[in-house]
Amino acid sequence: MKKLVIAEKNSVATSIVKALYGNNYIKNSDGFYEAEDYVVAFASGHLVGLCPPDAYDDNYKKWQIETLPIIPKEMKYIPIGKNLLKLLCNQIKRNDINSLVCATDAGREGELIFRLIYIYAKCKKPVERLWLSSMEDEAIREGFRNLKPSYLYDNLYLAAKCRQDADWLVGMNATRLFSIIYGKGTPLKVGRVRTPTLNLINTRDSEINSFQPQKYYHRNIIINGIKFKSEKKYSDYAEAKNLELESSLIADITDIEMKNKALLSPKLFDLTLLQRTANKLLGYTANQTLDIVQSLYEKKLVTYPRTDSNYITHDMSAKIPELVNLIYIKFIPGFTQTESTNIDVSVIVDDKRVTDHHAIIPTVNIVTYSKKLSQEEINILKLISFRLAEALGDRLIQQYTKVSAIFYNDNYSVSKTVIISKGYKEITELLYKSLGLSLPESDEIKIQFQKGKVDVEEFNISEHITKPLEYYTEDTLLKAMEHAGNKDMAEDVERKGLGTSATRASIIEALVNDGYVERKKKKLQITEKGKGVIAVLPEAVKSVQMTVDWENKLSEVSKGHYSADNFICEIKQLISNWVKIYSSITPLPTAPTQSNIEVGVSVGNCPCCGNQVTSKLTARGYVYYGCSKCNFKLYENDFYFAKLGKKLTKEAVQSLLYSGKIRVTGLVSKKTKRKYSAIVKMTVDSNCSTHYEMIYNN
């Protein structure tokens, strides 16, 4: 009798069978690896997915409010990779297979991939769990010597299933609900991750568009050719200039602070950090980088790319010095092996920080890589290879100097940083040279002063202008997604931020392909279509807070501290509440034309910047009132008032702009069913977003 091992991908299955049997195995008729005690098979990521709504009821084929919410009593599954799934089922049902080994990735999603295959095959055979954080041969063999009972990971599976079911429930219901109400026949794609990501871009664009540059001034003095700047900012030029100077200009050097700073070497690449670096240095999109590094992985030139770890495991340490030598031999002309003998590998080793996969590093095959690689592949291979060398390089030592002075009772200072020892920066420079990139400009001037009175060579006033934030690039958006909500997440949650290293690129690409976001060179900016979607969606859908709440609870589910049933019940209740609240909103009529509304009519002054607010139409035909200068807007179908069953008329908008308040009549109490009126107060934040508060009822 044999055990069937199911890995998550072919490369892992190959590593397992080679670690256990060397070359003493064969490929069986289904294409899997057959050996003495084990059959080692593989999936290809998720092979079983959730059925679409119409699999539950034909009524769901049409998108109608009446059929919402869609909450199946029990989720149904559909094969995604039919051929491979069929082959796996053949192996599972073999008479000589008496048990299975789950060898999918050591994490929530890996557990889900195996369990769904097991359930789909209607298998009842016993299961053991192989839990690996390293793919080194000895680590694999040790893992098989210590296989765990599958039931120890039941809670991890429940957490994964909760995540999958909840994403389906929210995505299917929210997309249909808001498309019916606001889409005018066009689906508005809504998702727990994609919508908050779109909102990040919208918020950044709004801040930039509403930004009002402000002038400010500094007093400056020149001492020994070095400019000292006043620590006080002056908003008024006349005030800055209001200084009666004597013929002899003397300043007093009061303090000299000097210290050395040691900067740690950069971390090894996880996928997100590699994508960010490739975008910053080479201009590649996140999706391009993923495709390139996946190609390098399939050519066995780099390790598994879809990782969120920046470290390797202890058992890999012995091979790293040899690998670094190979990197130098391959990419650095004139290198001799003796130059990399003293390597402290411990700085990149941390078993506790390696979950499903270790950091991306090159393999020993880089020495013989083919000339047939594309230039893009060579560039990414260099980034990964040099990053390993950088991570093991010496620390960068900088000398920081700050000199403080007093001149006419004003405090002035100058600070400079100079490099004492380049450390890993020497490797960075080699990388830039190898990629044909210009090194960043350096303004290194060593300053030397002594305390006491000194002559001032010149006094002047400099004008400065405040600058807005920069538009997101894929580099900065990936960083924002990676860190979104993290401060509110528990330390031990498995998935932090929006999306995962493996999914963030596809999320950005989907937003671009759906016309919600556009690329302008490196910049990512929201389109009018994207703005329309964000404008009509409630805060609960477009906020990262939903992901924060989910991940905190899913972490508790995986530990057995929180009920999976309770989690799903909360999601179902949330969706039911959405449908109840928003289904009362009348779907928008056919898009009005210019004859339906007088465009360009002034209705008042903007509460953000004071400029004129006028009536307008979006590209999709929504009526709104927008500022001519900043990003302030009021939509006719504003959500707050839509929940009250009301629309913002032109007269209502005029009242809000004039007094910040509006009286709403004809409201009905949910408890008593009695009609009442209310005063609603509007406030506007620094991003020109509106907030409402009911301050009086009668």
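These are my notebook entries on one predicted chain.

**Ground rules.** The model is predicted, and local features need pLDDT of at least 70, side-chain atom pairs count only at pLDDT 80 or more, and totals for chains, interfaces and linings use all residues. Residues are numbered from 1 along each chain as its sequence is written, and side-chain values use heavy atoms, without hydrogens or water.

**Overall build.** I looked up the secondary structure and found 20 helices and 26 strands. These are DSSP runs numbered from the N terminus: helices are H or I with at least four residues, strands are E with at least two. The C-alpha trace spans about 95 × 80 × 45 Å along its principal axes.

The chain has 698 residues, and 51% count as buried (under 20% relative accessible area, 1.4 Å probe, protein chains only). I then checked contacts (heavy atoms within 4.5 Å). Of those with a separation of 6 or more, 71% join residues 24 or more positions apart.

**The largest pocket.** I noted about 1,400 Å³ of space in the largest pocket. A pocket here is an open set of points on a 1 Å grid over the protein atoms alone, where a 1.4 Å probe fits, with protein on both sides within 12 Å along at least five of seven lines; lining residues have an atom within 4 Å of a point. The volume is the space filled by probe spheres set on the points, which are joined across faces, edges and corners.

Notes
Buried < 20%, exposed > 50% of the residue type's maximum accessible area, 1.4 Å probe, protein only.
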